[in-house]
Amino acid sequence: NDFLGKHQRLLNRDEFVEQVNEVKISSSNRDINDVIKRQLDFLQNTNSKNRHQFFLSDFQKNTSRILKQNCDTSSSMFLIPIVSEEVNNVFIDSVWFESPVQQFGTTQVLNVSINNASEKNLEAGTLKLLINQKQVSLNSFKLVAHSNDLVKFIFTIMDGVFNYGILKIDDYPVSFDDAFYFSFNSNHVISTLVINGVDEKTSRNFSSLFQNDSMFVYQENREDNIDYNLFSKKNLIILNGLKTISSGFIVEINKFITSGGTVILFPNLKADLTAYTSAFKSMLLPEIELVDTTRIDAQIIKSDQVFFQGVFEKLDENMDMPKVKSHIRFNRNKFNTGESVIILQNGESLLSCLNIGKGKVYLFSISSEESSSNFLKHALFVPTFIRIGALSLKPSPIYYKTAASEAIDITLDKNDKEKPLHIVQANSEFDMIPEQRIVNSKTTLFTQNQVSEAGHYTVNQGDKVVLGLGFNYDRKES
């Protein structure tokens, strides 16, 4: 399955026996059509008239659907099924967190999908969770034959920076898929830029919030002095009461959003709404109808809403909600209206979330000024903005496959060309310099099938660890 060049040659009988004795288990997973094509390419370049292909295999469905176009009338194909004794296999299929961000000190829910690929019911299975070589939890599970189920672990992250997890079950005799390796970063930093309008007086609300939270790196610009070079380095940009929105600004902010950035937009209700309407159209935001000066309260937030999951332990129907004195009424029938996060008592949105390209826009219908609403002084302000900040971080894969060409994205404070990035396996001699591609501040590493053993790895720059990785064998073989 490794498709090494040294195996692509004809052997005599003695050489063949010797090669068979040297065969090692491979982490590579090949479809039978890839094998057929490789053999035919070789046979067609030989002078031999006696062209036969022999396949000794258990012919699992997921790798053995032979395509007619890959057959060749000039070669004979012999399929020899190896019928094994009954083998019962229970394996860990996949793993994921419910939250997009794993932060030090937070409680996390880890989902583990387990499959029972056998004829027998499993009445008493056990699954262990280890984080940084310490067992943090043990769960039991039952699985009927040919079924799968979810096992959940709830734990608190007690270590900062890079964490290395292992999930383990005991399942004899097929054991290669009984351990599952993953890694996650618990020291995320949300790089935030607030762009204030020239007349805006609420910037202190944002600086007080973000500068006092170690999770955020905070910067400010004024709308008449914007540094567009900062955009590609930010996770979150807050547009706070801009008086004018130029065409050049629209181009740059659209580029930021569509490439995956998150924007929070507080409109300026005293500005020329004609200019805002034109800008909103270019940004694929809903059409502005008018400014409504009717006094109204915000509506109760639905407790089952995904945005606020985990933010409140309990929602009181009688809780005090933000009061609105003036807000923009949007035309719901034109352009993207998104999903309401907080609504007003008349059903209109106070805050809505719009998906644009790979990014998001959180659009307020109020301004940040107290003359429009008391939202920035309300208890809802802090958890809403912390939650938006957390969601602005794009979830990173917590594991990768061995023997595959995986693309690993990494953001570096500084890319030092004199210190190339290495992928290193813990407690082994494995050390490779992967192919690297740099776009803006993001570096992508390509493993090119060079990682063959399941386990934990690190990305190192000199003596510094810049990322933790977990690699697992492909579950197709399970």
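Student: Which residues are linked with Arg329 in a network of salt bridges?

Tutor: In this predicted model, Arg329 is joined with Asp292 and Glu348 in such a network. A search of the whole structure finds 10 salt bridges. To read one, look for a side-chain nitrogen of Lys or Arg within 4 Å of a carboxyl oxygen of Asp or Glu.

Student: Which residue does Glu98 meet in a salt bridge?

Tutor: The partner of Glu98 is Lys152, with a distance of 2.6 Å from N to O. Glu98 sits in the loop between strand 3 and strand 4 (107-116), whereas Lys152 belongs to strand 7 (residues 147-156), so this pair ties together parts that are 54 residues apart in sequence.

Student: How should I describe the accessibility of Glu98 and Lys152: buried, partly exposed or exposed?

Tutor: The classes rest on relative accessible area: under 20% is buried, over 50% is exposed, and partly exposed lies in between. Glu98 is partly exposed because its value is 48%. Lys152 also counts as partly exposed, at 41%.

Student: Where are the two residues of the salt bridge between Lys243 and Asp199 placed?

Tutor: The closest N and O atoms of Lys243 and Asp199 are 3.3 Å apart. This pair links distant parts of the chain, 44 residues apart: Lys243 is in the loop between strand 12 (236-240) and helix 4 (247-258), and Asp199 is in the loop between strand 10 (190-196) and helix 3 (203-211). Lys243 is partly exposed at 42% relative accessibility, and Asp199 is partly exposed at 46%.

Student: Which residue forms a salt bridge with Glu370?

Tutor: Glu370 pairs with Lys377, and their closest N and O atoms are 3.2 Å apart. Here the two accessibility classes should be read separately. Glu370 counts as partly exposed, at 45%, while Lys377 is exposed, with a relative accessible area of 64%.

Student: Let us turn to surface patches. Which residues form the negative surface patch?

Tutor: Asp14, Glu15, Glu18 and Glu22 form the negative patch. Asp14 is located in helix 1 (residues 13-21). Asp14 counts as exposed because its relative accessibility is 58%.

Student: How many positive and negative side chains does the chain have?

Tutor: There are 49 positive and 56 negative side chains, and the centres of these two sets lie 4 Å apart.

Student: Which residues make the nonpolar surface patch?

Tutor: Phe54, Leu56, Phe78, Ile80 and Ile82 make a nonpolar patch of about 470 Å². Strand 1 (52-57) and strand 2 (76-81) are the elements that give two or more residues to the nonpolar patch. Ile82 lies in the loop between strand 2 and strand 3 (90-97), and Ile82 is partly exposed because its relative accessible area is 45%.

Student: Backbone angles come next. What is the phi of Phe59, and where is this residue found?

Tutor: Phe59 has a positive phi of about 50° although it is not a glycine. Phe59 is in the loop between strand 1 and strand 2 and is partly exposed, with a relative accessible area of 21%. Asn427 likewise is not a glycine, and its phi is positive at about 60°. The position of Asn427 is the loop between strand 23 and strand 24 (431-432), and Asn427 is exposed at 82%.

Student: Which residues does Pro420 touch, not counting residues up to four places away in sequence?

Tutor: On that count, Pro420 touches Ile433, Gln436, Asn460 and Gln461. The C-alpha atoms of Pro420 and Asn460 are separated by 8.4 Å, although these residues are 40 residues apart along the chain. Pro420 lies in the loop between strand 22 (407-411) and strand 23 (421-425), and Pro420 is partly exposed at 34%.

Student: What are the span and the makeup of the chain as a whole?

Tutor: The chain holds six helices and 28 strands. Its C-alpha trace spans about 90 × 50 × 50 Å along the principal axes. Of its 478 residues, 44% count as buried. Among contacts with a separation of 6 or more, 69% join residues 24 or more positions apart. The chain exposes about 26,600 Å², of which carbon and sulfur atoms supply 48%.

Technical notes:
Residues numbered from 1 in each chain as written. Predicted model: local features only at pLDDT ≥ 70, side-chain atom pairs only at ≥ 80, totals over all residues. Heavy atoms only, no water. Patch = residues over 30% accessible without salt bridge, like charges linked within 9 Å, V, L, I, M, F, W, Y side chains within 5 Å. Areas by Shrake-Rupley, 256 points an atom, 1.4 Å probe, with all protein chains shown as cover. Lys, Arg positive; Asp, Glu negative; His and termini not counted. Charge placed at Lys NZ, Arg CZ, Asp CG, Glu CD. Helix = DSSP H or I, 4+ residues; strand = E, 2+ residues; numbered from the N terminus. Buried < 20%, exposed > 50% of the residue type's maximum accessible area, 1.4 Å probe, protein only. Contact = heavy atoms within 4.5 Å.
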